[in-house]
Amino acid sequence: MRPFGAKMPRDELSEANAKMTRQRSFRRREIPPGDLVRFGCDGEDIAAATSDTVASALLAAGRRRFMTSAHDGEPRGGFCFVGRCGDCLMVIDGQPGTMACITAVRSGMVVETQAGLGHWEVGAAT
Amino acid sequence: MTVAVVGSGPAGMLAAIMLAKAGRSVRLLDEQVSAGGHLTYDRYSLPGGATSEGLLAELDTGLRKCGVLPGQDSVVWGAFGTDAGFELSVNRRGAQESLTCDRVLFATGTTDRAIAVPGCTLPGVMTARAARILGERHGVVAGERFAIVGTGAHADRLAADINDWGARVEVMADIESVRRIGGQDSVQAIETVDGTTEVDVVVIAAGELPDLQLPGMLGVERAFDGELGGWRVPPGELLGGVRVIGGAALGGAWISDALRDTVQAVSAVTGADETEVEDLSIVRSLISNGREYDR
């Protein structure tokens, strides 16, 4: 554990950087140019394939936390990935409680990490 | 006579084909985007040079030839007995349908067992099928260092697949030996009776439990199977018109057992025999051979 502000020796820094670069991309195969979709998550631009779900695209981009639990405030990042467990609820295009694991990505989609149950408006459409 | 088949994994697809060939009106329903169940995210070889992908293609073609309409994106969220038979509540992307039918076959498959230890809700903890959906279907590897909770043939095959995806398997542990999963914002380590190891993904491959919520709603008797660690329904005809087939009946099963079970159940319903699967060569070879398959 290093104290905040400590300088890292050069070779440790390169190793840490190399690790970060690797961890930033968890895709096994390149996205073909015709398949590329871009959407935003918490203000960050995310590149995805047309076949991605929001969850798979976020994991590929190194984002692991999708929501914080309404129950205990702890970070959640999906568990079943088949639309069953409720651990991947995100605010997608303004709609809270949307399962990221079974929602297909769309160009220009706006995704936000959901805090607890999220903010619901009375009469909001599905 | 309408027969509803809930679940379009291999058992449901085969049942729908056989029922349609026997002249029944079939409604096939499944909550996922595409038919195939585990065949859409698990790749394995089968005896005789066949593959899981080949099996899916064969079943897909079989359905189209029989004129069974695809019923994907359809969540069956309720099942009720009526005077005339059964009523299923179906939600298709927000649109509601009450489907009436004379018989229901539940081919709803299984859900992976979860784990309950401190840290089990951290991002990075996922089921075996989740790891496969990510790794095989989406080509996304969830991390670099995996722990597999679960032992046996399925866990071994998963470990080999994880290696194929370019990640390392640091730990393979029995579910009973896991003490806790550690990490701040996501998985960073796993602690078992043998010590602590740094990992960034924990995959639970410790068994599957039958999905019996819908037959349960209908009042089907269930018994707890201690060896399986979950509820089972008795085999055969239930409540006059209900059957549970495939993995949901057997408690997670080898593909050949699931298909054999399906053929037996549907033959009992239609009075037809195994000739109904004559033009499905991979299915035929699986139901008449043993259950071994390799990667």
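Student: Which residues is B:Val203 in contact with, leaving aside its neighbours within four places in sequence?

Tutor: First, a caution: this is a predicted model. Contact here means heavy atoms within 4.5 Å. By that test, B:Val203 meets B:Met126, B:Thr127, B:Ala128 and B:Ala131. It also meets B:Phe146, B:Ala147, B:Ile148, B:Val149 and B:Leu158. B:Val203 itself belongs to strand β14 of chain B, residues 201-204.

Student: Is B:Val203 buried or exposed?

Tutor: Look at the relative accessible area. Buried means under 20%. B:Val203 has 0%, so it is buried.

Student: How far apart are B:Val203 and B:Leu69 in sequence and in space?

Tutor: They are 134 residues apart in sequence. From C-alpha to C-alpha, the gap in space is 36 Å.

Student: Now B:Ser89. Where does it lie, and what does it touch?

Tutor: B:Ser89 is in strand β4 of chain B, residues 85-92. Skip residues up to four places away in sequence, and B:Ser89 touches B:Val75, B:Val76, B:Trp77, B:Gly78, B:Phe80 and B:Glu97. Take B:Trp77: it is 12 residues from B:Ser89 in sequence, yet their C-alpha atoms are 5.7 Å apart. The relative accessible area of B:Ser89 is 6%, so this serine is buried.

Student: And where is B:Ser177 found?

Tutor: In a loop of chain B, between β10 (168-173) and β11 (178-182). A loop residue can be judged by the cut-off we used before. B:Ser177 has 13% relative accessibility, so it counts as buried. Beyond its neighbours within four places in sequence, B:Ser177 contacts B:Glu191, B:Thr192 and B:Val193.

Student: Let's turn to helices. How do the axes of α1 and α2 of chain B cross?

Tutor: Take the distance and the angle together. Helix α1(B) spans residues 10-21 and helix α2(B) residues 52-66. Their axes come within 9 Å and cross at roughly 30°. Angles under 35 degrees count as roughly parallel. The two helices are therefore roughly parallel to each other. The crossing of α1(B) past α2(B) is left-handed.

Student: Which residues of α1(B) and α2(B) meet?

Tutor: From α1(B), they are B:Pro10, B:Met13, B:Leu14, B:Ala16, B:Ile17, B:Ala20 and B:Lys21. From α2(B), they are B:Leu56, B:Leu59, B:Asp60, B:Gly62, B:Leu63 and B:Cys66. Sorted by class, the contact has 10 nonpolar, one polar and two charged residues.

Student: How many residues does α7(B) have, and what span does it reach?

Tutor: Compare the actual span with the expected one. Helix α7(B), residues 255-270, has 16 residues. It reaches 22 Å from first C-alpha to last, close to the 22 Å expected at 1.5 Å a residue. The helix is mostly covered, with 13 of its 16 residues buried. After α7(B) comes B:Gly271, with a positive phi near 80°.

Student: At what angle do α7(B) and α8(B) cross?

Tutor: Roughly 100°, with axes that come within 8 Å; α8(B) covers residues 281-288. That makes α7(B) roughly perpendicular to α8(B). On the α7(B) side, the contact uses B:Ile255, B:Ser256, B:Leu259, B:Arg260 and B:Val263. On the α8(B) side, it uses B:Val283, B:Leu286, B:Ile287 and B:Ser288. The classes are six nonpolar, two polar and one charged.

Student: Last, how many helices and strands are in chain A?

Tutor: Two helices and seven strands. Along the sequence, the pattern is α-β-β-α-β-β-β-β-β. Of the 126 residues in chain A, 38% are buried.

Note on methods:
Residues numbered from 1 in each chain as written. Chains lettered and ligands numbered in written order. Predicted model: local features only at pLDDT ≥ 70, side-chain atom pairs only at ≥ 80, totals over all residues. Heavy atoms only, no water. Axes fitted to C-alpha atoms, helices over the stretch in contact; angles between N-to-C directions. Helix = DSSP H or I, 4+ residues; strand = E, 2+ residues; numbered from the N terminus. Parallel < 35°, antiparallel > 145°, perpendicular 65-115°, else oblique. Left-handed = near helix turned anticlockwise from the far one by under 90°. Nonpolar A, V, L, I, M, F, W, Y, C, P; charged D, E, K, R; others polar. Expected span 1.5 Å × (residues − 1). Buried < 20%, exposed > 50% of the residue type's maximum accessible area, 1.4 Å probe, protein only.
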